[in-house]
Amino acid sequence: MAFDGITISCLTRELNDTLSGGKISKIAQPETDELLLTIKTFQGQYRLMLSVNASLPLACLTQENKPGPATAPNFCMLLRKHIQNGRILSITQPGLERVIHIQIEHLDELGDLCLKTLVIELMGKYSNIIFLKDDNTIIDSIKHISNMVSSVREVLPGRDYFIPVTQEKADPLTFDAAGMGALLETKPVPLYKAVYTGFTGISPIMAQELCCQAGIDADFPANALSEGQTEELSRCFQRMIDWIKKGQFSPVIVYQAGVPKEYFVFPCTLYPEQTQKGYDSISELLLAYYGEKNAADRIRQRSADLRRVVQTALERNVKKYDLQTAQMRDTEKREKYRVYGELITAYGYSVPEGSKSFRALNYYTNEEVTIPLDPDIPVMDNAKKYFEKYARMKRTYEALTEQTAQGKAEIDYLQSVSNALDMAQCEADLMQIREELLMTGHIRKNPERGKKRPKTVSRPWHYVSSDGYDIYVGKNNLQNDQLTFKEGQGNDWWFHAKNCPGSHVLVKTGGKTELPDATFEEAARLAAYYSKNRDQDKVEIDYIQKKHVKKPNGAKPGFVVYYTNYSMVAGPDISGIREG
């Protein structure tokens, strides 16, 4: 979810309840676009982080204390001069704008009581922190915006401050929901777009959530709603506004594949199949969401070189495989040329020289066929020519049969490595995948032989079934081999997504011959979730006792064969399966 006006409304209420009446004891500017205020209240000491980074604007309470530069920037020194030791009177939000106002009371040099306002605008690349007098005159800002940069508004000392209005949008807090139909009639666009473009502070994802609550397709044309649909949307809209006004927020993060997908400050109905985690504090949610999101992004960035190696090899092998299969199709007529050669040998003595073709009975099918001939050579030499074509195509077919099998195995292997990169969650996971690519020759070995590699500590995922059985899931091909052939016992049960790259899933039976049905079902769900087909509603899963799983000599890491197995269909939903 975008850092929209609804999120800021939730945040503003939390900050006002927590910090109102507190004294600003310290002001630091650890980054060029970030402030860290230390505020003491009767309940304790808090740190308020205000970041107007263009890619990730954010405001929240935090426990992290970032060190500032040895020499404080000018804007930080200005704030220290005016509002250090000042008292926070209130923290408010104008309408549902992406703006926070912190009103501060302090004493000036003469000991007179003064009011100042610190404005935090969280508007993407236009984010800014602006310091105002009580008459809304700008004292200074963390980013100076001249008319050379913006024709809408200058943000410079001495200018009057105002919130720029670039689009005609209604204020949801003052909007009469009864007029929803009239507003939507003028918008021949998808409903969710009409909502977020028609109201201030509502993001596209929140607009989709509103449509979901109302039971209306978000892509349905806004100006084609029935009266009943409009009334239901108005009801859901009014309920949301009531929640905002009363402060009835329920922050929650929605996870997909173990990574934060979206967050909401109200109960979420848009992703009923995904795992959700609730929070009591919006600050805790924001730190968790962006912290985990950034961690996932960092892992993805660090895996970029490995992804490039795998993707390049995959594209090359797919192209080669497509070319080989096309050549294989060309060899399908080899048997026809053999038959032509035999028929010419059998009946060619009666064919006049110089003939361009002749008809003969194919004694294999009892059908007459027309055989093309080269009139410039003797008839019997045509038979020799057809036999040579047949022999050439047969050799090509035999060679391509082996090559395409090898090519398909290589493609499957590279797809399994790609799947492992998607599942990597830490540096140790990436190091293990790098080791695997070194072993298989996809990455050149480090010429510095004497240099030892750091020992990897990545381990398979561990889950415990509802019946108490340990279930292990390999994160990559090396772990899959280790799990199946080193740690697995003969009577343990082994699961894998059918004909699809994915993790080996092993259920430790502890020597028991039978497992409860619930454990089988949970292990299958894990195999579906940790496979390339996790986006499908249902995934076919093969399962078999580990003793029947074999690894061919010279096979790639993670590659196994089995011949007698059971199959079941499972959904890739692992919510409710306890981690060990």
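This is a predicted model: local features need pLDDT of at least 70, side-chain atom pairs count only at pLDDT 80 or more; totals for chains, interfaces and linings use all residues.
Student: Which helix holds Glu14, and how many of its residues are buried?
Tutor: Glu14 is placed in H1, which runs over residues 5-19. The buried residues of H1 include Gly5, Ile8, Leu11, Glu14 and Leu19. The helix is mostly covered, and of its 15 residues the number buried is twelve.

Student: What is the distance between the end C-alpha atoms of H1?
Tutor: The expected span is 1.5 Å times one less than the number of residues. H1 has 15 residues, so it should span 21 Å. The model agrees with this, as the end C-alpha atoms of H1 are apart by 20 Å.

Student: Which residue with a positive phi follows H1?
Tutor: H1 covers residues 5-19. The phi of the residue that follows H1 is near 90°, and that residue is Gly21.

Student: Which side chain of opposite charge is nearest to Glu14?
Tutor: Glu14 is buried and has no salt bridge. A salt bridge would need a nitrogen within 4 Å. The nearest side chain of opposite charge is 10 Å away, and it belongs to Arg13.

Student: Which residues are in contact with Glu14, leaving aside its neighbours within four places in sequence?
Tutor: Glu14 is one of the buried residues of H1. With those neighbours set aside, the residues in contact with Glu14 are Leu61, Ser281, Ile282 and Ser283.

Student: How many residues apart in sequence are the parts tied together by Asp542 and Lys498?
Tutor: Asp542 and Lys498 form a salt bridge, with their closest N and O atoms 3.6 Å apart. Asp542 lies in strand S19 (residues 539-545) and Lys498 in the loop between strand S17 (493-497) and strand S18 (505-507), so the parts the pair ties together are apart in sequence by 44 residues.

Student: Is Asp542 buried or exposed?
Tutor: Buried means a relative accessible area under 20%. Lys498, its salt-bridge partner, has 30% and counts as partly exposed. Asp542 has 3%, so it is buried.

Student: What is the distance between the closest N and O atoms of Arg525 and Glu521?
Tutor: Arg525 and Glu521 are four residues apart in helix H13 (residues 517-529), about one turn of the helix. Arg525 counts as buried at 13% relative accessibility, whereas Glu521 is partly exposed at 34%. They form a salt bridge, and the closest N and O atoms are apart by 3.4 Å.

Student: Which residues are in contact with Gln489, leaving aside its neighbours within four places in sequence?
Tutor: Gln489 lies in the loop between helix H12 (477-487) and S17. Gln489 is partly exposed, with a relative accessible area of 48%. Its C-alpha is 9.6 Å from that of Leu506, which is 17 residues apart in sequence. The contacts of Gln489 beyond those neighbours are Lys508 and Lys546.

Key
Residues are numbered from 1 along each chain as its sequence is written. Side-chain values use heavy atoms; hydrogens and water are left out. Helices (H or I, at least four residues) and strands (E, at least two) are DSSP runs, numbered from the N terminus. Buried means under 20% relative accessible area, exposed over 50%, partly exposed in between (1.4 Å probe, protein chains only). Lys and Arg count as positive and Asp and Glu as negative; His and the chain ends are not counted. Contact means heavy atoms within 4.5 Å.
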